[in-house]
Amino acid sequence: MALAKQHNIAVFLIGHVTKDGNIAGPKVLEHMVDTVLSFEGDMNHQFRLLRALKNRFGATHELGVFQMAAIGLNEVDNPSELFLEERGKHLIGSTVFASMEGSRPLLCEVQALAIPSPMANPRRTSIGLDVNRVHLLVAVLEKHLQVKLNQSDIFVNVVGGLRIIEPAADLAVAAALLSTEHHHEVDAKSCFFGENWAYGRSACGLICRKSN
């Protein structure tokens, strides 16, 4: 802080994160700095995500998307196109969710797979979404639509390594689960967003009627 104020310059501190995703070391480091940035990557994808976890001078949870090229990192002007470029035509168990990342919308693909399980306790695996939210959605579908998922292994994935914390993703996940369970294709131009708990019964019923 003394160096930055004395010379009127910006100082970048590079630190480590724990397995839980928190900054390692004393919490005073987070309180001292003006901005905390998280630079994330995935070995299976060529793009990198830059998130603002703390910002004294602007909004947090802003997301910057960069793509690795021969000359280095290039900013991706349209991340939605990047995340959806590999979608096929026969979209069973795949939906598009409109997520708000900071101040801009971002379209991403949500995939779901449900298969009968011989185990007494079927698996519930979620990548990019809170697995407890998936448990809740499965319970709502069982209760209000009589969709028998209690004896199925369920896998949910957000394509591209994104992590979604918005409750509005509930409808996209529910639609993907209904699509894979009933083996019905989803319109490639459809976009789903909506919180399931507030009006889940009517929204899920609408999806079921359209799929049939």
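In which loop is the place of H183? H183 lies in the loop between helix 5 and helix 6 (196-211), where helices are DSSP runs of H or I with at least four residues and strands are DSSP runs of E with at least two, numbered from the N terminus. This is a predicted model, in which local features need pLDDT of at least 70 and side-chain atom pairs count only at pLDDT 80 or more, while totals for chains, interfaces and linings use all residues. Residues are numbered from 1 along each chain as its sequence is written, and side-chain values use heavy atoms, with hydrogens and water left out.

H183 has a positive phi near 60 degrees, although this residue is not glycine. H183 is exposed, with a relative accessible area of 59%; exposed means over 50%, buried under 20%, and partly exposed in between (1.4 Å probe, protein chains only). N8, also not a glycine, has a positive phi of about 55 degrees. N8 is found in the loop between helix 1 (2-7) and helix 2 (28-32), and is exposed at 70% relative accessible area. Most residues other than glycine have a negative phi.

T180 belongs to helix 5 (residues 170-182). T180 is buried, with a relative accessible area of 12%. Leaving aside residues up to four places away in sequence, T180 touches I92, G93, A112, L113 and A114, contact meaning heavy atoms within 4.5 Å.

The strands form an open sheet of four, in the order 1-2-3-4 with antiparallel pairing; two strands pair if DSSP finds at least two bridges between them. Strand 1 (35-41) and strand 4 (72-75) are the edge strands, each pairing on one side only. Strand 3 (residues 63-69) pairs with strand 4 over four bridges in the antiparallel sense. The bridge partner of Q67 is N74 in strand 4.
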